[in-house]
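Visitor: Could you walk me through this structure and explain the words you use along the way?
Guide: Gladly! Let us look at it together.
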Amino acid sequence: MDKAQIIGILKDIAVFLELKGENSFKIRAYQSGARALERLEENFDTIVQEGKIASLQGIGQALALKIETLYHEGHLPFYDNLKASIAPGLIEFLEIPGLGGKKVKHIHDALGIETIEALKVACESGAIEALDGFGAKSAEKILSGIANREAYGKRHLWWSVQGFVQDIVKGLEAQPLVKRASVAGSFRRRLETVGDLDFIVASDTPGPIMDWFTQIEGVKEITAKGETKSSVRFENGIQADLRIVSEQVFVFALHHFTGSKDHNVMMRQRALSMGYRLSEWGIFDKDSEENIPIDAVKDIETEADLFKFFGLEMIEPELREGLGEISVAENDALPKLIEKQEIRGVFHNHTTLSDGMNTLDEMVQQAELLGWSYLGFADHSKSSVQANGLNEERVLRMIEQIEAFNQSGSSSVTAFSGIECDILKDGTLDLEESVLERLDYVVASVHSSFSQSEEEMTQRVIRAIESPSVTMLGHPTGRLLLRREGYRINIPKVIDAAIANRVIIEINANPQRLDMDWRFWKQAVQRGLMCSINPDAHSIKNLSYYEAGVNIARKGWIEADRLLNTRETDGIKRWFRERC
Ligand code: DGT
Ligand code: CA
Ligand code: CA
Ligand code: ZN
C-alpha cells in the first residue's frame with residue numbers, strides 16, 4: 001500500500017474510533033500520525049524499508065507497527081475488525097459532508113437510526129434539528145448531502161451499459177409496429193458516464209410497444225406508463241425512458257432528447273434568430289400560436305436535414321455539448337471525427353512481466369485479430385512494487401526479448417518496447433536515463449503521493465515531461481470515474497509543457513479513467529498537442545478499451561493527424577525518433 005492509501009486508513013481509523021466513543025487520546029494518535037505522514041519530506045518508502053517510521057515525530061511504536069503492516073501486507077486486521085464492528089449504514093453517514101464520527105455517534109445514540117432512509121426521515125420530521133448541536137441549517141445540509149450522494153450513485157459508466165443499450169435498441173427494432181428506433185441522451189453523445197437512458201421510437205400504435213418495454217427482463221419497477229412516454233427502473237439500478245412519437249416527429253424528438261441541454265438552447269436561439277421556433281415536435285413559425293409545423297418539415301427526415309435547414313453541416317452527437325459546435329458548423333469547419341477502423345495499434349499495455357494477465361505473445365495475437373499493425377508494451381517500473389514493476393536489468397532483458405520477437409518474423413504485428421515509468425515524488429523518473437533511452441518510448445505516470453498540493457503535483461509532472469526520454473504522459477489526473485477524484489493538478493499548465501516538449505498526452509482508455517478528460521482536448525489539439533489512445537490493457541480482453549478511447553477522441557474534436565494511433569508503423573518510428 002502506498003503512502004496516500006495509508007494516510008487514508010489512519011484517518012478512517014480516527015473517525016471510526018470517534019464514532020465508537022473511544023477516548024480522545026487514542027483518536028488523536030491516529031490523527032497526528034496521518035498528519036506526520038502528510039508532512040513528510042523524505043521518501044516514505046525508504047523510511048519504511050529502513051525501519052525508521054517510529055523515529056518520526058508524532059508516530060509511536062504501536063502506530064509504526066500498524067503502518068509497516070499496511071505497507072508490506074496491504075491490509076491491517078485491527079482496521080478490518082474495527083470497520084466490521086460498525087453498522088454499514090453509519091459508515092455511509094460518514095460520506096455525507098459535515099457528518100464526522102462525533103456527529104454520527106450523537107445521531108445514533110439519540111435516535112437509534114442506522115440507515116440513510118431513516119436519516120432522511122429524521123431530517124424532514126425535525127428530529128435532527130431538535131438535537132443538541134444541530135439546527136435547521138444542519139438538517140438542510142444533511143438532506144442535500146443525501147441528494148447529492150444519490151445523484152452520484154445513480155450514474156453509470158458508458159462502457160458498462162453499452163451491451164444493455166444495444167439489446168434494447170435491437171429489441172425495439174424487432175417489434176413489428178416500430179418504424180424507427182434509437183437511443184438518445186447522454187448515451188448517444190457518448191458521455192463517459194450516463195444518468196438515465198433515453199429511447200425514441202416512431203410508431204402509430206404505441207400500446208404494444210410500451211407493453212414490451214415495460215416487461216423487458218430485469219425491469220424491477222415501472223415508474224410511468226402512458227401512450228407517449230414510459231419509464232422503468234431495472235434491477236441493476238439503471239433507469240430508462242421510452243418516448244413514442246409519429247414518424248414525422250421522430251427526427252425532432254431524437255434531436256431534442258439527444259441534447260445536450262446547452263446544445264438545444266443554442267439551436268433554439270438560432271431558430272428564433274431565423275424566425276422559427278424549434279421544439280421536440282417540429283419547426284414552427286415564431287409568431288404562430290397554432291401547433292401546426294411549417295411545410296418544410298415534411299422534407300426533414302434525418303438530423304442532417306434538420307441541421308441543413310438551419311444552415312449548418314451535420315453535427316455528430318458527440319459534439320453536441322454546447323462548446324461552440326454551432327458556430328463552427330455554420331462555417332462547415334467541424335473536425336472529421338476518428339473512426340475506430342482508423343486505429344492501427346496502441347501503446348500502453350501490461351503483460352505478465354508486471355501486473356498483466358497475458359504474455360507478450362498472447363497480446364500480439366489479439367492485436368493481429370484486431371487487424372493492427374503494431375502493439376506497444378509498457379509494463380510498470382520498479383517503484384510500483386505491488387505491480388511487480390521492472391528494474392533496469394529486467395527492462396534490458398525485455399528489450400532483447402522484443403527485438404528477438406520482431407526479428408523472428410512470426411507476426412505481422414510489430415512490437416514496440418516501452419515502459420510505464422513511475423514519476424517519483426520530486427518529478428524524477430524511476431529508472432536510469434541510460435536504460436530509458438534504449439526503449440522505443442516511455443510513458444510516465446504518477447502512482448504515488450497523490451496528496452501533494454496542486455503546485456507540487458504540477459511541478460512534479462512538468463519536470464517529468466521535460467525529461468528527455470519521456471514520450472507520453474500517462475493518465476494525467478489519476479481519477480477513477482464515480483469512485484475517486486483525480487489528484488490536484490493544473491492541467492492547462494501540463495498541456496503547455498507537453499506541447500513545448502513534444503510530449504504526447506494519452507487518453508487512458510480504461511473506461512473508468514478516460515483521462516485526460518475530453519473537455520480539455522479541443523483547445524489542446526488546436527494548439528498542437530499530440531494524443532495517443534492508450535487502453536492500459538492488463539489482459540487481451542481489455543485491448544477492446546481502445547473503443548472507449550475513440551469515443552473520447554471524438555468528443556475532444558481530435559482529428560487523425562493529431563492522433564498517433566492512426567499512423568502506420570513507419571510513422572510511429574519517425575515520431576519516436578524525431579517527434580514529428
Ligand atoms: P444524463 O441522463 O444525466 O446522463 O444526461 P442526458 O443528457 O441524457 O439528460 P436527460 O436524460 O435529462 O435528458 C435527455 C435530453 O433531453 C437532454 O440531453 C436534453 C433534453 N432536455 C431535457 N430537459 C431539457 C430542458 O429542460 N431543456 C432543454 N433545452 N432540453 C432538455
Ligand atoms: Ca439521459
Ligand atoms: Ca431521461
Ligand atoms: Zn498507470
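Visitor: What makes the arrangement around the calcium ion (ligand 2) irregular?
Guide: Its six donor atoms subtend angles of 71 to 171°. Six donors count as octahedral if opposite donors are over 155 degrees apart and all others between 65 and 115; four count as square planar on those terms, or as tetrahedral if all angles lie between 85 and 135 degrees; anything else is irregular. The angles here make the arrangement irregular. For comparison, ideal angles are 90 or 180 degrees for six octahedral donors.

Visitor: How was this model made, and how are things numbered?
Guide: This is a predicted model, where local features need pLDDT of at least 70, side-chain atom pairs count only at pLDDT 80 or more, and totals for chains, interfaces and linings use all residues. Residues are numbered from 1 along each chain as its sequence is written, chains are lettered from A and ligands numbered from 1 in the order in which they are written, and side-chain values use heavy atoms, leaving out hydrogens and water.

Visitor: Which protein atoms are called donors of the calcium ion (ligand 2)?
Guide: They are Asp196 (O), Asp196 (OD) and Asp198 (OD), at 2.3 to 2.5 Å. Donors are N, O and S atoms within 2.8 Å of the metal (3.2 Å for Na, K and Ca), and sites may look incomplete because water is not among the atoms.

Visitor: What are the protein donors of the calcium ion (ligand 3)?
Guide: Asp196 (OD), Asp196 (OD), Asp198 (OD) and Asp241 (OD), lying 2.2 to 2.8 Å from it. Asp198 in strand E4 and Asp241 in strand E7 are 43 residues apart, so this pair links distant parts of the chain. Helices (H or I, at least four residues) and strands (E, at least two) are DSSP runs, numbered from the N terminus. The two calcium ions, ligand 3 and ligand 2, are 3.8 Å apart, and Asp196 coordinates both.

Visitor: Why is Asp198 called buried?
Guide: Buried means under 20% relative accessible area, exposed over 50%, and partly exposed in between (1.4 Å probe, protein chains only). Asp198 has 11%, so it is buried. Asp196, at 30%, counts as partly exposed.

Visitor: Why does Ser260 count as buried?
Guide: Because its relative accessibility is 8%. Ser260 sits in the loop between helix H13 (247-258) and helix H14 (261-273). Setting aside residues up to four places away in sequence, Ser260 touches Arg189, Arg320, Glu321 and Gly322, where contact means heavy atoms within 4.5 Å.

Visitor: How do you know that the buried residues of H12 are on the same side?
Guide: In helix H12 (residues 206-214), Pro206, Ile209, Met210, Phe213 and Thr214 are buried. They cover an arc of only 125° around the axis, so they lie on the same side of H12. The arc is that of the directions from the helix axis to the C-beta atoms.

Visitor: What is the volume of the largest cavity?
Guide: About 60 Å³. On a 1 Å grid over the protein atoms alone, a cavity is a set of points where a 1.4 Å probe fits but cannot get out; a pocket is an open set with protein on both sides within 12 Å along at least five of seven lines, and lining residues have an atom within 4 Å of a point. Helix H23 (546-555) gives the most to the lining of the largest cavity, with three residues.

Note on methods. Grid points are joined across faces, edges and corners, and a volume is the space filled by probe spheres set on the points.
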